[in-house]
Amino acid sequence: MTLLSNRTLIVGGGLAGTTLAFRLWQNQKSFVLMDTGAGKLSSAVASGLINPVVVKHFGLSWMAKRLVPEAVKMYQNLEEITSSKFFHPLNIFRSFHQPEDILLWNRRRNEEDNTRFFMEEAPAPPLTLSPFGGGIIKNAARVDVEVFMQKTRKFLLDKNLLRSEKFDYTNLQQPSQSEWLYMDEKFERVVFCQGIQSAENPWFQWLPVNPLKGQLLKVNHPFLSNQQAISRKIFILPQGGQSFKVGATYEHSREEGNTREGIEQLTSGFKELIRGEEEDAGFEITETYYGFRPTIPDRRPVLGEHPINKGLYVFNGLGSKGYMLAPWFSEHLYNHIFEGKPLMEEVSVLRYAKRMENRNFD
Ligand SMILES: Cc1cc2nc3c(=O)[nH]c(=O)nc-3n(C[C@H](O)[C@H](O)[C@H](O)COP(=O)(O)OP(=O)(O)OC[C@H]3O[C@@H](n4cnc5c(N)ncnc54)[C@H](O)[C@@H]3O)c2cc1C
């Protein structure tokens, strides 16, 4: 494939940077993706669940009808490109908390065109403790995040499009309006996809990207069905065979590492959902994970060009639903940068522009 000029530097090779990189690659745009390669990213520890229904009130998730089809399309396409398998469609059994949930569930199901995502009440899967019943969420999926990150990374490395290095802000200069110089390389634009590390970025540190810590367990369970995910308070997500991810916590904490409280919270959530004797016989924690979701106060992603420094862009704020959001929004940003299409105001970086210390652009 011949790459055209119009060079882009993408900083950060998590989900945001990777999906954007593939948009550029598929459109034959020249780019370099730079990532520390240290592996301390949110994208590689996530559960990778794509769930179109809000677990608390059973409403459809924001833009689910547009986001889910694009996610399916992009992940399946990336599987082909990287000759790998990481996208797994699945249903979720949503266990009800109380008898009234049935009424709410049925009401939501009949709203608009929601039948695509909801099924009737359903019997609980074997071993599941669900005294008030539950319903099935259809057209959900899980991305095997470890395989996804490994394979996409290897693809880009093999093509010399990914550099395992830390981007150093002091080496970025703007010699003219239309170009940026990083060390001795010229770029037309730089797109920062740094997750919570955007707090260190002198151009975008005014963005309110807040870390929301999450802890996860990987467990083995010999008797549990791996046909569907189960949810109530926590998720139990099949990983193939007897392996399941159990997650996740939501903590306003910056403390590194898994904690005893976090592990206990997930373990007791699991025990409330899965029947006792069998669980005690076979339940085993095989791994623990933690990470920090890059969240924005209004819970929308944040995209677009710096209000003053033209040629500097951001793609961030994927929060707790990055795997559902990134495919559609990487295309949205691509279309904005390369086709001049407007960004949705709801996600535009300009909604936070007033937070900048320098208010010359007001
Ligand atoms: C426990 C947990 C469970 C989750 N579960 C789900 C889920 O089930 N479904 C879902 O959709 N989402 C889930 N998420 C959220 C999802 O992981 C995030 O929305 C998404 O991964 C954010 O991607 P990102 O690319 O913005 O950030 P990151 O994945 O954090 O990537 C940022 C990258 O930028 C790099 N970087 C930063 N600064 C520099 C620099 N100066 N030089 C070079 N590289 C740099 C970092 O090294 C990192 O690789 C979960 C998150 C957590 C923590």
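This is a predicted model: local features need pLDDT of at least 70, side-chain atom pairs count only at pLDDT 80 or more; totals for chains, interfaces and linings use all residues.
**Exercise 1. The shell around the ligand**

Which element gives the most residues to the shell around the ligand?

Step 1. Begin with the residues themselves. The ligand is surrounded by 41 residues, and the closest are Gly12, Gly14, Gly195, Gly214 and Gly322.

Step 2. Now assign them to elements. Two or more residues of the shell come from each of α1 (15-26), β2 (29-35), β12 (210-220), β16 (284-295) and α7 (322-339). The most come from β16, which gives four residues.

Step 3. Sort the shell by class.

Step 4. Bring in the domains. Residues of the shell come from both domain 1 (4-45 + 147-209 + 297-355) and domain 3 (211-295), so the ligand lies between these two domains.

**Exercise 2. Domains and overall form**

*Solution.* 

Step 1. List the domains. There is domain 1 (4-45 + 147-209 + 297-355), then domain 2 (49-143), and domain 3 (211-295).

Step 2. Look at domain 1 and domain 3 together. Their centres, taken over C-alpha atoms, are separated by 31 Å. In the contact between them, 10 residues of domain 1 meet nine residues of domain 3. The side of domain 1 that touches domain 3 holds four nonpolar and six polar residues, with no charged residues.

Step 3. Count the elements: the protein has seven helices and 18 strands.

Step 4. The C-alpha trace spans about 70 × 40 × 40 Å along its principal axes.

Step 5. Of the 362 residues, 41% count as buried. If you take contacts between residues at least 6 apart in sequence, 72% of them join residues at least 24 apart.

**Exercise 3. The nonpolar core**

Which residues have the most contacts inside the largest nonpolar core?

*Solution.* 

Step 1. Recall the background: in soluble globular proteins, nonpolar side chains tend to be buried together.

Step 2. Here the largest nonpolar core has 90 residues, and Ile10, Leu20 and Ile236 have the most contacts inside it. Helix α7 supplies the largest share of this core, nine residues.

Step 3. Take Leu20 as the example. Setting aside neighbours within four places in sequence, its contacts are Ile10, Val191, Cys193, Phe315, Ser330, Leu333 and Tyr334.

**Exercise 4. Two residues in their surroundings**

Is Thr19 buried or exposed, and is Pro294 buried or exposed? Locate each one and list what it touches.

*Solution.* 

Step 1. Thr19 sits in helix α1. Because it has 29 C-beta neighbours inside 10 Å, Thr19 counts as buried.

Step 2. Beyond its neighbours within four places in sequence, Thr19 is in contact with Met74, Ala326, Pro327 and Ser330. Another pair to check is Thr19 and Arg351, which are 332 residues apart in sequence and 23 Å apart in space, C-alpha to C-alpha.

Step 3. Turn to Pro294, in strand β16. This residue is buried, because 28 other C-beta atoms lie within 10 Å.

Step 4. Not counting residues up to four places away in sequence, Pro294 touches Ser42, Gly195, Ile196, Val209, Asn316, Gly317, Leu318 and Gly319. From Pro294 to Phe270 there are 24 residues in sequence and 26 Å in space, C-alpha to C-alpha.

**Exercise 5. Backbone details**

Which residues does a cis peptide bond join? Then examine the positive phi values of Ser83 and Met183.

*Solution.* 

Step 1. The cis peptide bond joins Gly247 and Ala248, with omega about -20 degrees. Ala248 belongs to the loop between β15 (243-247) and α5 (260-273).

Step 2. Ser83 is not a glycine, yet its phi is positive, about 50 degrees. Its place is the loop between α2 (64-82) and β4 (87-95). Ser83 counts as exposed, because it has 8 C-beta neighbours inside 10 Å.

Step 3. Met183, also a residue other than glycine, has a positive phi near 55 degrees. You will find Met183 in the loop between β9 (179-182) and β10 (185-187). With 8 C-beta neighbours inside 10 Å, Met183 counts as exposed.

How values were computed. Residues are numbered from 1 along each chain as its sequence is written. A residue is near a molecule or strand if its C-beta atom, placed from the backbone, lies within 6 Å of it. Domain bounds come from an automatic or database domain assignment. A nonpolar core is a set of buried Ala, Val, Leu, Ile, Met, Phe, Trp, Tyr and Cys residues joined through C-beta atoms within 7 Å. A residue is buried if 20 or more other C-beta atoms lie within 10 Å of its own, exposed if 12 or fewer, and partly exposed in between; C-beta atoms are placed from the backbone. Two residues are in contact if their C-beta atoms, placed from the backbone, lie within 7 Å. Ala, Val, Leu, Ile, Met, Phe, Trp, Tyr, Cys and Pro count as nonpolar, Asp, Glu, Lys and Arg as charged, and the others, Gly among them, as polar.
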